[in-house]
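Q: Hi! Could you walk me through this structure while I have it open?
A: Happy to, let's start with the aromatic rings.

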2 protein chains.
Amino acid sequence: MKKWTAVIIGILFISHLRAGDGYQLWLRYNAIDNAGLLQQYKQQISGIVCSNTTNTSQAANKELVTGLAGLLAKKIPIKSDVNTGSLVAGTPDQYPFIRSLIADTTFSRLGSEGFIIRITATPQHKKITLITANTDAGILYGVFHFLRLLQTHQSIDKLSITSVPRIKLRMLNHWDNLNRTVERGYAGCSIWDWQRLPGFIDQRYIDYARANASIGINGTVLTNVNANAVVLTEPWLKKVAALADVFRTYHIKVYLTARFSAPVEMGGLKTADPLDPAVRNWWKQKVDEIYTYIPDFGGFLVKANSEGQPGPQNYGRTHADGANMLADALAPHHGIVMWRAFVYSSETPEDRFKQAYNEFKPLDGKFRENVLVQVKNGPIDFQPREPFHPLFGAMPQTPLMMEFQLTQEYLGFATHLVFLAPLFKEVLSANTYSKNNSSVAQIVDGSADDHALSGMAGVSNIGSDLNWTGHPFGQANWYALGRLAWNHDLTSAQIANEWIRQTYTNQQPFVDSVQTIMLASREITVDYMTPLGLHHIMGYGHHYGPAPWYNKAPRADWNPVYFHKADSAGIGFNRTATGSNALAQYQPAVREQFENMNSCPENYLLWFHHVPWSFKMKSGRTLWEEMCYKYNTGVDSVRWMQRTWGHLKKYIDEERFKEVQMLLNIQEQEAVWWRNACLSYFQTFSGKPIPSNYEQPDHTLQYYEALSFPYAPGN
Amino acid sequence: MKKWTAVIIGILFISHLRAGDGYQLWLRYNAIDNAGLLQQYKQQISGIVCSNTTNTSQAANKELVTGLAGLLAKKIPIKSDVNTGSLVAGTPDQYPFIRSLIADTTFSRLGSEGFIIRITATPQHKKITLITANTDAGILYGVFHFLRLLQTHQSIDKLSITSVPRIKLRMLNHWDNLNRTVERGYAGCSIWDWQRLPGFIDQRYIDYARANASIGINGTVLTNVNANAVVLTEPWLKKVAALADVFRTYHIKVYLTARFSAPVEMGGLKTADPLDPAVRNWWKQKVDEIYTYIPDFGGFLVKANSEGQPGPQNYGRTHADGANMLADALAPHHGIVMWRAFVYSSETPEDRFKQAYNEFKPLDGKFRENVLVQVKNGPIDFQPREPFHPLFGAMPQTPLMMEFQLTQEYLGFATHLVFLAPLFKEVLSANTYSKNNSSVAQIVDGSADDHALSGMAGVSNIGSDLNWTGHPFGQANWYALGRLAWNHDLTSAQIANEWIRQTYTNQQPFVDSVQTIMLASREITVDYMTPLGLHHIMGYGHHYGPAPWYNKAPRADWNPVYFHKADSAGIGFNRTATGSNALAQYQPAVREQFENMNSCPENYLLWFHHVPWSFKMKSGRTLWEEMCYKYNTGVDSVRWMQRTWGHLKKYIDEERFKEVQMLLNIQEQEAVWWRNACLSYFQTFSGKPIPSNYEQPDHTLQYYEALSFPYAPGN
């Protein structure tokens, strides 16, 4: 026995060496360290019956075997007879006895992706844990859900779960270029190793697909929205097809970005006019060709007439004309178009806030059935806090897809711990006051307007770093996107809780502390970056760090000064009727929330009002004092995160402890930088001192303004 | 017992999940699977006594503990008394009893890096395994050597090893840019995460240092030879310092590339003339500043007046003037300059082969004592086969550093299995016929000319890929560089053998087969790419695949046609006295080997001669027939590698088996492509058919010529 103990210690020691690299994400499957629970689980799961006839069911089977072997520290035998397998995973077609247990009507509600997990019994009265669904994909999702229950130490002896996704298209958008750089990527380079595709299938592709399937993501756009037509050439389509072959097993469809001018660039046509028959034919041929390589190709994501990208407006056509042309080419193959609403004209001097609405609202009802309009969560660009986008609720005849950003372009890159579920939830739960007070979530999931299509996308934070996302807590944002796209009723706390347990440990003090940190983290970031409704005051181009003073951009609305409008009278962007009147784009009830400076929620104040420095806030402080308070609170709160994390060393491996510790140290330094730079700058307008009870800036404003960051990533 | 077995199986299962990713390189420390051997090892190593007082000794200690726990599947206790520790690792200063066992004269021969491993006894007659050295660095090297003996299942009961490095500077050169792209990198992006330095220390930095220390590498140039002055600014020097802090523990010094025009670009000077006092002073100040951040900074690697890089010739000065200026700034801090001889003028129409020699040979004796001239192994540019560079042996008063290329710029990128030790050895063992018939190795290690400095560098093949080098066998080239820099007498077979055992398995059939593949692989690549002395006929710019027809480059000597000179009369570059007379740069005895077409070794034939298509080869075939034979032999041999690998499935984990299988499939396709494209093209000159017993090209020459590779990596 002593000998065996030694061997185990040796092996554990070695396993431990690799404990910390984060590559396994939330799929760690470490042995359950609660002896009682382990015993219960092992009693309940003594054998596995799982179909093995398709690639997807094989994947489900393999995941079950692997996951349980790890979690239960025991290889659970595969059985062929359901009466000897205590865990049965399969469809009624595979195991007909299931029909006698679960009504057809129940199955019909599951659709093609839902699943049931239930404690039940075979006709021979053997108690079983059943995972069932209409499809192998549903089984795969059920298997991952079941493993999650074990990973998070849930009781499984009375399970009766029915789970159906709320949103149909649950997607990642990779802004990955063909040269493996990633626009707004902070985690190394693209994981798509185009050079060695299609012949070399990196294990990462498989693990990427597993991770996505485990949280319900069923689509991935491989390429940057600033698109490159080269990906539509034959050699590259073969590379894409190789990825699609890997992902298909995990019920993930592949999508590409379509460069609108491809017919000119590749096809040698004189125009890309979407109403030109030759252009329409070129796309039809191209799409047909794509489907010869990828029979279940998902479709196109398109950024057109935005930030210099070509589009239908180059030819006097509308976004609908452009989208419909592609939609017509895709329709025979059941492909879709996701047409982005992130547009702002290079000529219009109109408030950038208003432009997407102005361009798209009139097009409602003019899109084909296989088109979704993909709308960023807010009207500007993935700021730490934005009001929900006014298009939500304004285009009832069009399915609007939500675009969130996982990669932290404006939120501290891969260095700041910012859990984004609270941001996502804030937007999703916002009341649009359109149609029966629909929330944004109800618009997006299609329920408000009874759309057949619905979608939610996250702009990926994934790269070649060992731990995929650079910051280990970036993984939680990828995780949250998938979980919320499946079920937007989940709370941020639930998501944080299960992610922590799967990724780190189930030890309660650790879970509690880290959950508290995560739930607070986004508001903390708002405080030290852009409190009170400030927005887009980051460094020019790379968006790294503070640069509220910047005013040299080639267009006005790329300048921070455009967004904060600080002057000696006050600060903020008047978007009321006396200003740009962007508020008029919202329903009256929303408008009312925001239009009065005195009643506008203070966390949105400077989004909508130019507010005097001496304005009295609810706290009794003046606006200037409140701003000083908020920036300092942000810094203090990062220090609180540092202290809290500092107490958690004993619960996890040293490597992962240190990693977050180092990152929090950087976050603290950068929070101080944000505070000092912004207050030093805004002070030149407020004319007031920073109250002496706060830390004073340790450098001059000139120092902060002179900082430069060549090679800041993601640019 | 059954329960324990289950636990072990479970744990092993999980460990196995990560068995295949290659991150651990050759430092896997898997449990010894030979029970008898394991027993012997455990008997001999029952406790560890190892000093722990410095960072480096702590690292040695930790490596011993970790390595032995893995290899022996048992945690070996740390002891403080040498009489109870059966393995003692330390210097005589740490454990004075060692002086009674080993003579001072022996220690003095070890220098600052050598080590001794010996079975001996304490004064109290306790048998111990002793690892000793003059320094902690020597101990660290000894520890890695000892662990390697166990990893490779060597007998350790009669050890008596004394090991001293033959070459002083054992270096990696990273051609890594500050934006994390890697010039000629095929394994993802740079592992230097500049954005998060200095605050975030990636575990990869530590594991990189461990891997290097384990093979004796003691220096690393972090930045591309096509240099960027930004790395010399304060924020970046702080980032470099953070890396230096990590690497110092592992006895690795950090070096940077110096952009020659930095005084102009950064310093605002009007000139970078190395004789200008203001310029000299600027560098002195800059170097002094660097040493405030990095007290043991190694020095500079410089590419000047080559391929567009600025240099002293811009100001009418010599390479020696430039190198000496930097050397003077570095000398007070004991820093060095590595000045690259890879130069070819953009104006001179001279054979590119000759230019480095022409520029550098006259400068012999003019360099400061802390300058090495770094010379590529051959006169052109890292071809599959080159004659040794004529500078070796031609500059006796100057230490010449060897520059090999690990990254496979001209050798199939990260897709072809090419073990480079035979290439390195071929060069190192070449007889320069200078000074007592010195081999290139004797020139490089300084023994021929009694130089205090000596160096060998490998241009790194390391990137962000999980397995570091893209192709898993790329690791073997990194490994070989380190091992040969330590001891160039090692054979390629020895190196391959120990690498295979450490990286994959000790199972003899696997070791034998893979060793055979590795040793044959380089010659196979020569056969299907550039047989018979062909060179530099790769794709323009990216160097991917064959493009012997290419003739559009902005300068003649970037065109394949410049190098092969095929015409209806024959093929090859006449470098004899009737041609460019490059052969005159070698010693007469070398010249004699090559200058006669009839006696020139056939594997160098087209390097030196323009040979008629009907020329009779030793085989009796004509040159054209021989070329067809060679290209086909290359392809057939790749197929042999495929078959051989195909039989090895049972010896290793599936992931690593499949990975090489996929890569060999690509290599086979590309070998066929090389053969078909080259023979189709050269046939237009030879006018002869490809003998019908060979596979015929499956495409037209036009097809091959039309292939294009946008976004081929590394460019």
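A: First, the term: rings of Phe, Tyr and Trp (its six-membered ring) pair if their centres lie within 6.5 Å, with planes under 30 degrees apart counted as stacked, over 60 as edge-to-face and the rest as tilted. By that rule Tyr23(A), Trp26(A), Trp192(A), Tyr205(A), Tyr208(A), Phe247(A), Trp468(A), Trp478(A) and Tyr479(A) are linked by ring pairs into a cluster.

Q: Anything on the numbering and the model before we go on?
A: This is a predicted model, where local features need pLDDT of at least 70, side-chain atom pairs count only at pLDDT 80 or more, and totals for chains, interfaces and linings use all residues. Residues are numbered from 1 along each chain as its sequence is written, chains are lettered from A and ligands numbered from 1 in the order in which they are written, and side-chain values use heavy atoms, with hydrogens and water left out.

Q: How many aromatic pairs are there over all chains?
A: The structure holds 100 of them. One is Phe353(A) with Phe608(A), an edge-to-face pair at 6.0 Å centre to centre and 65° between the planes.

Q: Which parts of the chain does that pair link?
A: Distant ones: Phe353(A) is in helix α11 (residues 352-360) of chain A and Phe608(A) is in helix α19 (residues 605-608) of chain A, 255 residues apart. Helices here are DSSP runs (H or I, at least four residues), strands are too (E, at least two), and both are numbered from the N terminus.

Q: Are Phe353(A) and Phe608(A) buried or exposed?
A: Both Phe353(A) and Phe608(A) are buried; that term means under 20% relative accessible area, with exposed over 50% and partly exposed in between (1.4 Å probe, protein chains only). In chain B, Tyr586(B) and Phe594(B) make a tilted pair, 6.5 Å centre to centre with 50° between the planes, and Tyr586(B) and Phe594(B) are buried as well.

Q: What about charges over rings?
A: The rule there is NZ of Lys or CZ of Arg within 6 Å of the ring centre and within 35 degrees of the ring normal. Arg385(A) lies over the face of Tyr604(A), 5.9 Å from the ring centre, and the charged end of Lys565(B) sits over the ring of Phe573(B), 4.3 Å from its centre.

Q: Switching topic: how many residues of helix α12 of chain A are buried?
A: Seven of its eight residues (421-428) are buried, so the helix counts as mostly covered. Among the elements covering the buried residues of α12(A) are β12 (400-405), α14 (474-486) and α16 (508-529) of chain A.

Q: And why does Trp624(B) count as buried?
A: Because its relative accessibility is 2%. Trp624(B) is in helix α21 (residues 623-646) of chain B. Leaving aside neighbours within four places in sequence, its contacts (heavy atoms within 4.5 Å) include Trp613(B), Leu679(B) and Phe682(B). Trp624(B) and Gly570(B) are 54 residues apart in sequence and 9.0 Å apart in space, C-alpha to C-alpha.

Q: Where is Ser513(B)?
A: Ser513(B) is in helix α17 (residues 508-529) of chain B. Ser513(B) and Asp450(B) are 63 residues apart in sequence and 41 Å apart in space, C-alpha to C-alpha.
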